Amino acid sequence: LTGMRDEIQGLLKMQSDQEAARLDSLVKIYTGMKPKDAARIFNTLDIDILVEVVGKMAENKSAPIIAAMDADKARALTTMLADQKKLPELP
């Protein structure tokens, strides 16, 4: 059982590393785009993916993209990003 647990943990770590690499690749792609073009795509992305991508972008790169986005989508993104920064409340 210990061997199986270690193997599963190794596989989960490998999957997590691969997901992080894919996210880093997306960040590089969108950072290299013109803000207007990236914003057009961001307007159509699932909000959870969008939060992850924008969360890893440098602020000076994400700001012009968010400014060019649809106002409602930019508002939802901003709210979710702000909520991520909050500490959980104690019971």
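Colleague: Is serine 62 buried or exposed?

Modeller: This is a predicted model, in which local features need pLDDT of at least 70 and side-chain atom pairs count only at pLDDT 80 or more, while totals for chains, interfaces and linings use all residues. Residues are numbered from 1 along each chain as its sequence is written, and side-chain values use heavy atoms, with hydrogens and water left out. Relative accessible area, computed with a 1.4 Å probe on protein chains only, is called buried under 20%, exposed over 50% and partly exposed in between. Because serine 62 has a relative accessibility of 8%, its class is buried.

Colleague: With which residues is serine 62 in contact, leaving aside its neighbours within four places in sequence?

Modeller: Serine 62 is placed in helix H4; helices here are DSSP runs of H or I with at least four residues, strands are E runs of at least two, and both are numbered from the N terminus. Contact means heavy atoms within 4.5 Å. Once the neighbours within four places in sequence are set aside, the contacts of serine 62 are Val54 and Met57.

Colleague: Which residues line the largest pocket?

Modeller: On a 1 Å grid over the protein atoms alone, a pocket is an open set of points with protein on both sides within 12 Å along at least five of seven lines, the probe being 1.4 Å, and a lining residue has an atom within 4 Å of a point. Helix H3 (47-56), helix H4 (59-68) and H5 each supply at least two residues of this lining. The lining consists of Val54, Gly55, Met57, Glu59, Ser62, Ile66, Leu81, Gln84 and Lys85.

Colleague: What is the volume of the largest pocket?

Modeller: Grid points are joined across faces, edges and corners, and a volume is the space filled by probe spheres set on the points. On that basis, the largest pocket has a volume of about 170 Å³.

Colleague: How accessible is leucine 77, as a relative accessible area?

Modeller: Leucine 77 belongs to helix H5. Apart from neighbours within four places in sequence, leucine 77 is in contact with Ile47, Leu50, Val51, Val54, Ile66 and Met69. Leucine 77 is classed as buried because its relative accessible area is 0%.

Colleague: What is the nearest side chain of opposite charge to lysine 73, and how far away does it lie?

Modeller: Lysine 73 lies in helix H5 (residues 71-85), and its contacts beyond four places in sequence are Phe42, Asn43, Thr44, Leu45, Ile47 and Leu50. Lys and Arg count as positive and Asp and Glu as negative, with His and the chain ends not counted; a salt bridge is a side-chain nitrogen of Lys or Arg within 4 Å of a carboxyl oxygen of Asp or Glu. Lysine 73 is buried yet has no salt bridge. The nearest side chain of opposite charge is aspartate 46, at 7.0 Å.

Colleague: How many residues apart are lysine 56 and aspartate 24, the pair that links distant parts of the chain?

Modeller: The side chains of lysine 56 and aspartate 24 form a salt bridge, with N to O at 2.7 Å. Lysine 56 is in helix H3 and aspartate 24 in helix H1, so the pair links distant parts of the chain, with a separation in residues of 32.

Colleague: By about what are aspartate 17 and lysine 13 separated in helix H1?

Modeller: Aspartate 17 and lysine 13 meet in a salt bridge of 3.1 Å, N to O. Aspartate 17 is partly exposed at 41% relative accessible area, whereas lysine 13 counts as exposed at 51%. Because they are four residues apart in helix H1 (residues 2-32), their separation is about one helical turn.

Colleague: In which helix do aspartate 37 and arginine 40 both lie?

Modeller: Their side chains meet in a salt bridge, at 3.2 Å from N to O. Aspartate 37 is partly exposed at 26%, and arginine 40 is exposed at 54%. Three residues apart, about one turn, they both lie in helix H2 (residues 35-42).
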